[in-house]
Amino acid sequence: MGPTKAIVKEQALYEALRGKLIKDGFANRQDLEAYVKHHYLVLPVVDNQGRPWLLDGKQVYCLRGTQYETVNDERVHLARCPDCGGMGIRADEFVVESDCIHCTACGHEFDARLEMMET
């Protein structure tokens with residue numbers, strides 16, 4: 001059982017699945033994010049411009065840093081684009097030497113393992 005997946009509507013937090021109000025009355029985004037960090041909640045992943053990641057129309061959540069799930073607890077293999085922060089999907093072709101990932105937002109292709117080794 002992971003953290004509660006939440007969504008933001010206006011200045012309030014709601015459970016993503018049931019739509020039940022968690023808390024409202026946040027003054028700004030920083031207050032909302034601080035509340036999420038101090039409670040067992042997770043918000044949908046967004047790119048560097050604030051656009052949410054959508055996979056087949058479902059919002060994507062990041063758990064434990066690199067594990068991604070949809071709102072229905074379906075685990076998906078994704079990676080963050082180092083250029084725009086967009087959703088990177090693994091290419092269908094299988095190559096042992098690399099793990100080619102294609103960003104759905106900017107089209108950048110990168111190798112997640114190589115990026116990790118460089119940092």
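**Notebook: salt bridges and strands**

I began with E69, which is buried at 9% relative accessibility (buried is under 20% relative accessible area, exposed over 50%, partly exposed in between, with a 1.4 Å probe and protein chains only). I note that this is a predicted model, where local features need pLDDT of at least 70, side-chain atom pairs count only at pLDDT 80 or more, and totals for chains, interfaces and linings use all residues. Residues are numbered from 1 along each chain as its sequence is written, and side-chain values use heavy atoms, with hydrogens and water left out.

Which residue does E69 meet in a salt bridge? I found R75, at 3.9 Å from N to O (a salt bridge is a side-chain nitrogen of Lys or Arg within 4 Å of a carboxyl oxygen of Asp or Glu). R75 is exposed, with 59% relative accessibility.

Next I looked up K5. Its salt bridge goes to D73, and the closest N and O atoms are 2.6 Å apart. This pair links distant parts of the chain: K5 sits in strand β1 (residues 4-9), D73 in the loop between β7 and β8, 68 residues apart. I took helices (H or I, at least four residues) and strands (E, at least two) as DSSP runs, numbered from the N terminus. Is K5 buried or exposed? K5 is buried at 9% relative accessibility, whereas D73 is exposed at 52%. I then saw that K5, E69, D73 and R75 are linked in a network of salt bridges.

I counted on: the structure holds seven salt bridges. Another one joins the side chains of E33 and R29, 2.9 Å from N to O. These two are separated by about one helical turn, because they are four residues apart in helix α1 (residues 29-38). E33 is partly exposed at 33% relative accessibility, and R29 is partly exposed at 41%.

Then I turned to E15, in strand β2 (residues 12-15). E15 is buried, at 15% relative accessible area. Its side chain has a 2.6 Å polar contact with that of R18. (A polar contact is a pair of N or O atoms within 3.5 Å; within protein, one must be able to donate a hydrogen and the other to accept it, and residues adjacent in sequence count only if both atoms are side-chain atoms.) Leaving aside neighbours within four places in sequence, E15 is in contact (heavy atoms within 4.5 Å) with T4, K5, I7, K20 and I22.

Last, the sheet. I traced an open sheet of four strands, ordered β5-β6-β7-β8 with antiparallel pairing (two strands pair if DSSP finds at least two bridges between them).
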